[in-house]
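Me: I'm new to this one. Could you take me through a close look at a single residue and its surroundings, and then a bit of what else there is to see?

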Amino acid sequence: MPEKIHRQSLNVALGAYDLYKDDSSRVQTLLNSRCSGNAWNLPIFCQNMMETIRYGYRWYKHVRYPHIALELVLDGKMKYHSNKDVQIAESGMLYIISPGSNVSFSTFEDIPMHHLVALIDGRNLGSIAATLRMDEDHLIKVEDPGHLEEMFRKLGKVMEDETSWYQNSMLTYELLLEISRQIPEADDHFKKARQIMEEQYFKNISIEEISALCHMSSSSFWRMFKKESGLSPMEYLMDIRMKKAVKQLQRTRLPVRRIAQNCGFADASRFCSLFKKKYGCTPEGFRNGKVLPPPENAK
């Protein structure tokens, strides 16, 4: 088993930070300076920024993390484990660790990883995090990774001057606003998921694949979809497939086996069983008019 290497929680009182303790990897530190006493009175500011390049498998952990951590993956990928989800951040993605979160994360043995990390603190951290929807962990696909990287590095240069805390605070808030704008609303995820299901219902596509296309973990995706639709993702997908099958039964003379395949069912007997459970008769019986068809607006 690879050695587990813990990343210690920040000490808010001292502004201390324990760097990754990993002799086998190369660590580039953009800035690791302690904040001046005046900084703690600012509403929000960037306390620390790092750039890291890692090789081989390593495992780290945040425990009751007190800050907002912004982890921008420039190359490679990282796996994040929160209390509920497991998500993989790849190049061009940003993982947001919310204040108070417990998150462990790991690199991949055969994939070098390069990322920028900004640690955000401030007197109004909690209220700002809630306002900008950063009071929960998020994984987002960044619209323009190059532009966001420039914002990170611009903030890093300002941090080189310990007297520029007000400019630091201003640039930090600009960075948070830009990121918040890119955090998808639940409705955006739901619309995208429905579009994927409508367009790919005939494929042997899994809920895990759909959630990955929406840049969500399977568990987060399931909860979001259930809340928005009242159905589980699989129930919703099966409903689409059944409605498509009904249309083909009504409008074509294709064999039931072919219709099952056309609508994403690998097993015709399984399709017939599910169809009978939903409509009260077999597909052939439905075709022969033994039950009333579903509403015309069924998709």
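Reply: Let's start with L249, which sits in helix 7, residues 233–251; helices here are DSSP runs of H or I with at least four residues, strands are runs of E with at least two, and both are numbered from the N terminus. Keep in mind that this is a predicted model, where local features need pLDDT of at least 70, side-chain atom pairs count only at pLDDT 80 or more, and totals for chains, interfaces and linings use all residues. Residues are numbered from 1 along each chain as its sequence is written, and side-chain values use heavy atoms, with hydrogens and water left out.

L249 has a relative accessible area of 2%, so it counts as buried (buried means under 20% relative accessible area, exposed over 50%, partly exposed in between, with a 1.4 Å probe and protein chains only). So what does L249 touch, leaving out residues up to four places away in sequence? The list is I259, F275, P283, F286 and R287, where contact means heavy atoms within 4.5 Å. Take F286 from that list: F286 and L249 are 37 residues apart along the chain, yet their C-alpha atoms are separated by 7.7 Å.

Now for a couple of cysteines. C281 is buried because its relative accessibility is 9%, whereas C272, at 26% relative accessible area, is partly exposed. As for disulfides (pairs of cysteine sulfur atoms within 2.5 Å), the structure holds zero.
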